[in-house]
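Student: Hi, could we go through this model together? I'd like to start with a helix and then switch to a pocket.

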Amino acid sequence: MSFNADQTVEALRAVGEPTRLRVLSLLAGDELSVMELSRILEQSQPRVSRHLKLMVDAGLIERFPDGARVFYRLSSDLPARRLIDTVLDLLDDAAGEADDRRLDDVRRDREAAASAYFERVAPQWDRIRSLYVCETAVEAAILEAAGDGPFERVVDLGTGSGRMLTLLGKKARMSVGLDLSQNMLNIARTNVARAGLDKVELRHGDIFSTRLPQHSADLVLVHQVLHYLADPASAVAEAARLVAPGGRLLIVDFAPHALEHLREEHQHRRLGFADDEMRRWLGEAGLKPSEPVALPPDTEGLTVSIWTAERPSVAEASAA
Ligand SMILES: C[S@@+](CC[C@H](N)C(=O)[O-])C[C@H]1O[C@@H](n2cnc3c(N)ncnc32)[C@H](O)[C@@H]1O
């Protein structure tokens, strides 16, 4: 695929301005909101919005609304990416140093707020989780989506209080729960011991870089974690990397919703995920997605979606 002449001229015009170059360079590192971009660029939001609109119109970047906020990321179209990569390659590293420092500040503030939240709520997490959804129905659907097992190795990323491990651990020869919060891990340790599970390893780690071996688990779970993350697509890619041939990834999170207050009060970064978006991420990560399952709330609350995807077995992969 390539741009026609008019598109190429429009894209080159859109790139050919200092602030817009800075924006492209920033979006190459992270998905960002107008508010965050305006803080990093030290320019007003209306001014930044004008630059963004021009680049959206030229097909260089994508705008994606999430609740009442709007985020931006680089376009996933090939010609646009080729042009952006080429232009960014020409820039020397010094050009964006100050912006990178301010981007790091934004990330640090975001992460500090999220981890302070989890350290604080760890003791009440099981109660908070049950405020949003009917857990019994969700857990029954998770058991069904996971399949009967037995599993060689289950990995639960962002394990929190370890609920997924206690739900599925008995079907696994061994399990690993990974989390960034030591407080959460301590609670998970107690819960796992109480459930009588001894082949469970609880480790401190980051979902974006788990350091777990490739293709090492036949069941990987990411339960109610993605909506806290600035780059959920990368977390999905890392989770998928762990799935062994013939193994399965289960992602459980909210369908798109409009409860803006969850951002401030509970540090949600994304207000749910659309099926199309998740299907694309899973496919790009080399997995074969199944039909998602949506579990609407009984009365008030949020719809929970379960997205399942498998890595083809060696035999399926070689027959394809
Ligand atoms: C909402 S809790 C969900 C916990 C558990 N999966 C559940 O459903 O009960 C989200 C968990 O993700 C963890 N978390 C957030 N960002 C993370 C990251 N980058 N890497 C690993 N864990 C992370 C938090 O510490 C928290 O325990």
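**Helix and pocket**

Tutor: In α4, V48, H51, L52 and M55 are buried (under 20% relative accessible area with a 1.4 Å probe, protein chains only; exposed is over 50%, partly exposed in between). This is a predicted model, where local features need pLDDT of at least 70, side-chain atom pairs count only at pLDDT 80 or more, and totals for chains, interfaces and linings use all residues. Residues are numbered from 1 along each chain as its sequence is written, and side-chain values use heavy atoms, leaving out hydrogens and water.

Student: What do the buried ones of α4 pack against?

Tutor: They pack against α1 (5–15), α2, α3 (34–41), β2 (61–66) and β3 (69–74), with contact meaning heavy atoms within 4.5 Å.

Student: Okay, new topic. Which residues lie nearest the centre of the second largest pocket?

Tutor: S25, L88, L91, D92 and G96, out of 14 lining residues.

Student: Which helix gives the largest share of that lining?

Tutor: α2, with five residues. Both α2 (18–27) and α6 (97–121) supply at least two residues of the lining.

Student: And how do the lining residues of the second largest pocket divide by type?

Tutor: Seven are nonpolar, two polar and five charged.

Technical notes:
1 Å grid on protein atoms, 1.4 Å probe; cavity = no way out; pocket = protein on both sides within 12 Å on 5 of 7 lines; lining within 4 Å. Helix = DSSP H or I, 4+ residues; strand = E, 2+ residues; numbered from the N terminus. Nonpolar A, V, L, I, M, F, W, Y, C, P; charged D, E, K, R; others polar.
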